Every structure is written in C-alpha cells, then in structure tokens.
Amino acid sequence: MAASVGSCVSLKPGASPVKYRSTRVGWAGLGVPARLRIPSPSPSSFSSAKFGGDGRTDACCASISGRGANGGAGFLGDGGRTRRQVGAMCSASLDAARPAPAAAVAPVAAPAFPERAKVVALVAAVMLLCNADRVVMSVAVVPLAAQHGWSSTFLGIVQSSFLWGYIFSSMVGGALADKYGGKKVMAGAAALWSLATFLTPWAASQSTIMLLAVRALFGLAEGVAFPTMSTFLPKWFPTQERATAVGISMGGFHLGNVISFLSTPIIMSHIGLTGTFAFFASLGYFWLFVWMLNVESDPLDSRTISKSELQYIVSGRSASKLQGNKFPTLKELFSRIEFWAIIVANVVNNWGYFVLLSWMPVYFKTVYNVNLKQAAWFSAIPWAVMAMSGYVAGASADFMIKSGFSVTRVRKIMQSIGFIGPGVSLLCLRYAQTPSVAAVLMTIALSLISFCQAGYFCNVQDIAPKYAGSLHGLTNGIGTGAAIVSTIGTGYFVQWLGSFQAFLTLTAVLYFTAAIFYNTYATADLIFDCGRSAAADGAPGSTQHL
C-alpha cells in the first residue's frame with residue numbers, strides 16, 4: 001500500500017532542534033537526529049511505505065495525515081514478542097536536494113506495562129465518573145418528580161438543564177485543552193462537576209431555579225470532558241492505536257451508565273438522596289488525586305515512560321505539528337462539506353443518545369409499569385453491552401486500517417453500523433410486548449451506536465489532528481443543541497400523544513438520513529492542518545486518498 005503525499009522529516013543544517021521536554025529521556029536516546037525540521041507540505045514532498053507480511057516496515061516516512069501504519073510495539077500485553085525495524089527515507093526537500101536516508105531507528109520492544117496503558121485506564125475512569133454522575137440524576141429524578149409533582153414537560157426541562165451549560169463549555173473546552181494541556185483541563189473539570197454533583201440534592205430542596213442553575217453548572221464542567229479527551233489521546237497513542245484507545249475510554253464512559261443505574265437505587269435506599277450524590281462526588285475527588293500524581297499532558301513530559309515506548313508513540317503520531325499555521329476561520333470550516341458530514345453525524349448521535357440516556361428509566365416505568373429498581377436493571381443492561389461493543393468497534397477499526405483498508409472507508413463502515421442498526425432497533429420497539437423484549441432491542445440499538453466512536457468521533461482527529469480538541473468541541477457544541485431539543489421534545493411528545501413510540505420513530509428516520517449524508521460526503525483526508533492554502537478547494541496537497 002502506498003502512502004499519500006505528505007510532509008517529510010529532512011535534515012537541514014539551519015533548522016531548529018526538536019527537544020525532548022522530560023528530564024528522564026533525551027531525543028538522542030531515541031535514535032533521532034539532534035536537529036530535525038518538518039517543512040510545510042508541498043507537491044514535491046513524497047513519502048512511501050512498504051509493508052511485508054512479517055510486520056516489518058522497510059522504508060517509511062510519516063504521511064501528512066499520520067495514517068500510515070507504523071511499525072513498533074503492540075498496544076498492550078505482547079510482552080516484547082513483537083519487534084519491528086523502522087527505517088525512514090524521505091523525498092527531496094523543497095530545494096530539490098537529492099534524497100538521503102535518515103538514521104535508522106533501533107528495534108522497539110513493548111514494555112511489560114506500557115505507560116499509555118496507565119494513561120488510558122485513568123481516562124476511562126474519569127469518563128466512567130463523568131457519565132455515572134449524569135445518570136444519578138436520571139434515576140433520582142423519578143422520586144424527585146413524585147415529591148415535587150413535576151409534569152412530564154417540566155421533567156424534560158429539568159433533564160435538559162444539564163445541557164444548557166454543556167453546550168457552551170463543549171465549544172471552548174477543546175481550545176482550553178489545546179492551550180493548557182489535557183491534564184490540567186480535565187482535572188479542573190472533574191473537580192467542578194463533582195462539586196455540582198454534591199450540591200444537587202441541596203439545590204433541589206431550595207428551589208426549582210437553584211436546581212436548574214446547579215445542573216447547568218454541572219453541564220458546564222462536564223462539557224469539557226470529550227473535547228479534552230480528543231486532544232489528550234492523540235498525543236499518547238499512535239494513529240494505528242487511536243480507535244482502540246477511544247474505544248477503551250468510551251467503554252469506561254458507558255460502564256458509568258451501568259454502575260450508576262444499578263447502584264443508585266441501592267445506595268439511595270440505604271443512605272438517602274443526599275448521601276448518594278455525596279458518594280459519587282467523593283469518587284471524583286479520589287480520581288483527581290490519582291490523576292495529578294500519575295499523568296502528564298504529553299508523553300514528552302513524562303518522567304516514567306520508557307525510551308522504547310516514547311519512540312514508538314512519536315514515530316506513530318500524525319505529522320500535525322506544523323509551525324506558523326493559524327486556526328482555520330469559521331468560513332473555512334463551514335465551507336467544507338466533509339466537516340458538515342461530521343457535524344450532522346454528531347447532531348444525530350447526540351439527539352438519539354440523550355433521548356435514551358434521559359428517558360430510558362421513565363420509559364420502562366411508564367410503558368411497562370415496572371418499579372424503580374426494575375427500571376434501573378432494564379436500563380443498565382444495554383449500557384453494559386455498549387461498553388464492550390465500543391472496544392470491539394475500536395479494535396476492529398484499527399485492525400482494518402492495519403490490514404490495508406483506507407481510513408475513509410473504515411470510518412464510513414463504522415458510522416453506517418452506528419446509525420442504521422439503532423434506527424432499525426428503535427422501529428422494532430413498536431412490537432415489543434414485554435420489558436424483556438424492549439431491553440433486548442435497546443441493547444442492540446446502544447451496542448451498535450457505540451460504533452460511531454470509530455466513525456465520526458475519530459474522524460475529527462483524521463481531518464485536523466492539530467485542532468482535534470477545538471473542532472470536536474465545536475461540533476459537539478452544535479450536537480448538544482440537538483440533544484436539548486430531543487430531551488425536551490420527548491417530554492412534549494409523551495404529554496401530547498401519550499406515547500414514546502412517535503418520537504422514537506422520528507429518531508430512527510434521522511439515523512437513516514444521517515447515515516446517507518455521512519457516507520456521501522465524509523473523508524479521512526487531512527484538510528485543516530496544512531495552512532490556509534490546504535483548506536481551500538483545489539489547493540495542492542490539500543487532501544489525500546488512501
């Protein structure tokens with residue numbers, strides 16, 4: 001498989017050196033030349049890659065999209081059995097100098113316990129808490145509604161108040177992470193949403209306005225989590241492991257649903273409403289303590305990472321750190337139909353996801369007349385399967401990319417599964433006569449929705465790895481607007497028609513429409529990282545086709 005036109009590392013006597021920022025491992029120890037420069041991409045810069053069946057890379061130069069499969073240590077647990085020889089050969093530089101092979105990099109062996117395994121475990125843990133703290137309210141809102149006499153319409157307003165703050169911070173969260181680093185931003189967000197979780201029952205006892213304000217504050221803090229993750233993970237994981245890392249992290253997110261749905265009624269029955277919220281808030285502060293002591297925003301700053309693992313991560317990163325580029329303007333962003341494909345996918349995914357997240361316990365209680373604990377069990381099962389299927393989706397996507405499938409094709413396959421499957425499942429709910437059958441259909445829907453994680457969610461990192469956090473925040477902010485409409489709209493539909501099915505049918509139609517749009521216009525080509533000329537249609541080197 002031939003890699004596409006890309007920027008290439010060339011030896012230039014006047015270039016600024018790339019420095020390793022940790023005091024533990026220097027660039028010299030990685031077998032990397034002391035002075036490196038990454039020039040802006042041009043039609044005269046070419047890279048090629050040849051992959052043999054034995055898993056070795058004979059001659060490669062990272063493509064500008066960073067999607068070339070790089071040899072190196074396995075992600076987790078291959079115990080050092082896999083060794084791949086990586087060599088770099090670059091094309092002529094801009095002054096038409098004759099190509100010269102770069103220094104060979106020593107074989108890389110996988111450490112017994114990679115540093116990035118610890119990193120992804122902690123990211124998965126905070127995403128678990130992020131979602132668990134949301135779900136506490138989804139369960140607690142049933143007794144709160146009975147206690148305060150809330151209607152279905154007002155219940156939807158209470159459920160959506162979380163999104164009022166979420167929509168604003170989601171847009172700026174990625175920019176904050178890009179500027180200050182994922183470690184600090186994620187820590188600050190977790191501290192704030194844990195505080196809001198603790199204050200929720202107190203706010204509910206004061207007034208409705210106070211409750212809505214605290215829930216908006218909660219959403220303001222949690223809106224930072226996803227764009228920060230989009231900035232953080234690409235720095236710690238090479239391109240060929242990125243979907244797997246996202247799958248594990250999102251697996252933790254969905255597992256938070258399961259833990260919270262099942263444990264909240266039990267905890268509530270023992271220590272009451274206030275104690276339940278306090279318990280989940282305390283878990284957030286415990287995570288914060290561990291996170292601050294064990295993680296850095298970039299592996300280049302880590303004091304505990306091994307030389308071989310750092311070499312493996314750096315060699316597999318997207319070639320996105322081009323100097324002097326400015327963030328694309330809104331006009332440039334919204335003029336690209338490929339970017340709109342991601343926006344539409346995000347909008348529809350958020351629409352359906354928040355309908356199921358916010359209303360599933362109420363759905364089972366209203367439609368099938370089950371009690372709160374039974375509703376929690378029926379609601380938890382689909383999320384448990386979703387946690388596992390998200391990892392399967394990520395690992396499958398990475399396997400397909402390593403096997404030679406184009407990244408664009410893989411993203412479209414994953415996104416098609418993530419929209420068409422849930423759409424069919426929601427339509428079939430009309431014929432579910434028992435809560436068990438409904439739970440099976442919900443499980444199928446949510447397990448297939450998780451394939452979106454290897455679709456549009458990773459697609460942002462494909463088209464603009466340098467600005468992944470900012471662009472994910474922008475698209476997720478727009479998607480959150482749709483989530484607000486769907487969460488409130490469900491309440492209106494139920495009160496107006498007396499049934500959930502009409503709204504679920506509408507959601508299924510949106511899934512099908514978005515799948516068609518994404519497959520028609522989406523791409524995994526790098527379009528926002530080559531300077532302003534690359535963002536323009538027809539500019540040389542503006543896209544790559546794998």
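Apart from neighbours within four places in sequence, threonine 408 is in contact (heavy atoms within 4.5 Å) with Ala522, Thr523, Ala524 and Asp525. The model is predicted, so local features need pLDDT of at least 70 and side-chain atom pairs count only at pLDDT 80 or more, whereas totals for chains, interfaces and linings use all residues. Residues are numbered from 1 along each chain as its sequence is written, and side-chain values use heavy atoms, with hydrogens and water left out.

**Threonine 408**
- Threonine 408 lies in helix H11 (residues 407-428), helices being DSSP runs of H or I with at least four residues, numbered from the N terminus.
- Its relative accessibility is 18%, which means that threonine 408 counts as buried (under 20% relative accessible area, 1.4 Å probe, protein chains only).
- The side chain of threonine 408 reaches the backbone nitrogen of alanine 524 at 2.9 Å.

**Helices H5 and H6**
- Helix H5 (residues 225-236) packs with helix H6 (residues 242-294) at an angle of about 140°, their axes being 9 Å apart, where axes are lines fitted to C-alpha atoms over the stretch in contact and angles run from 0 to 180 degrees between N-to-C directions.
- Phe226, Met229, Phe232, Leu233 and Pro234 in H5 meet residues of H6 including Arg242, Met250 and Trp291.

**Helices H1 and H3**
- The axes of helix H1 (residues 115-148) and helix H3 (residues 182-206) cross at roughly 10° and come within 11 Å.
- H1 and H3 are therefore roughly parallel to each other (angles under 35 degrees).

Technical notes: Helices (H or I, at least four residues) and strands (E, at least two) are DSSP runs, numbered from the N terminus. Buried means under 20% relative accessible area, exposed over 50%, partly exposed in between (1.4 Å probe, protein chains only). A polar contact is a pair of N or O atoms within 3.5 Å; within protein, one must be able to donate a hydrogen and the other to accept it, and residues adjacent in sequence count only if both atoms are side-chain atoms. Angles under 35 degrees count as roughly parallel, over 145 as roughly antiparallel, 65 to 115 as roughly perpendicular and the rest as oblique.
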